[in-house]
Amino acid sequence: MSISTKLFGTQMLDQFKTIEDRLQGLQTQVATGSRIPQSSVQPMDAVTLSARNELDTRLSQYQKNLAKVTDRLGLADTTLETAINGAIRVKELFVASNTDTVRQSERLAARQEILGIRETLIGLANATDSAGDALFGGFSTEANPFREQLDGTVHYNGDGGEHTLGVSEQVKLPTSLNGGSVFMQIGAGDEKKSAFDVLNSLS
């Protein structure tokens, strides 16, 4: 009988120890705010949590990338819309000035306006995002990829790359446009000129 009593007491002490350990574990979880304070406690849950944290980190980065893509392409869209409006105005000036009834003073005024549009176009070609990175510089995001030379020509100092960012596991979206193809290759065949040269010729 005494042996059974001792065995019963030992079992009860073991159960109390288990309960105590369990309560201490719960208390640690409450204090730390973590369900898995140590990976050794529940290794499978720890692995799952680690994978989830990694996935959350990637998703957060994808969201940041998507926001940057939206911001940069939105700015590029607005910039190109302004450039298109300038091109429309130049066409109007050309049509209006291409008659014998136009006075020389009117032609000179049109010339000054075209030169002003050209200067505006250079500024638009050198547009940057909120971080100061060039929108039309290709992989080169340094400011002012388009630089006017002493002889009046404009040189493109960017490259032919189109920067992209991943917005999911399989999808990458462009964050910029190749400024060389946008502003420096106007026309067809071998007769391509820069938009700035075209405006120079017209003026």
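Here is a short walk through this predicted model, one selection at a time.

**Whole chain.** Start with everything shown as a cartoon. The protein chain has 5 helices and 4 strands, and from the N terminus on they run α-α-α-β-β-β-β-α-α. Of the 203 residues, 25% are buried. As for contacts with a separation of 6 or more, 49% join residues 24 or more positions apart.

**Helices α3 and α5.** Now select residues 104-125, helix α3, along with 195-202, helix α5. How do these two pack? Their axes sit 9 Å apart at an angle of about 170°. Angles over 145 degrees count as roughly antiparallel, so that is what α3 is to α5. Show side chains to see the contact: Ile114, Arg118, Leu121, Ile122 and Ala125 come from α3, while α5 brings Ala195, Phe196, Leu199, Asn200 and Leu202.

**Leu202.** Stay on this residue of α5. Leu202 counts as partly exposed because its relative accessibility is 32%.

**Asn178.** Next, jump to the loop between β4 (172-174) and α4 (179-183), where you'll find Asn178. Is Asn178 buried or exposed? It's buried, because its relative accessible area is 14% and the cut-off is under 20%. To see what is around it, select Phe136, Tyr156, Asp159, Gly160, Gly161 and Glu162: Asn178 touches each of these, leaving aside residues up to four places away in sequence.

Definitions and conventions: Residues numbered from 1 in each chain as written. Predicted model: local features only at pLDDT ≥ 70, side-chain atom pairs only at ≥ 80, totals over all residues. Heavy atoms only, no water. Helix = DSSP H or I, 4+ residues; strand = E, 2+ residues; numbered from the N terminus. Buried < 20%, exposed > 50% of the residue type's maximum accessible area, 1.4 Å probe, protein only. Axes fitted to C-alpha atoms, helices over the stretch in contact; angles between N-to-C directions. Parallel < 35°, antiparallel > 145°, perpendicular 65-115°, else oblique. Contact = heavy atoms within 4.5 Å.
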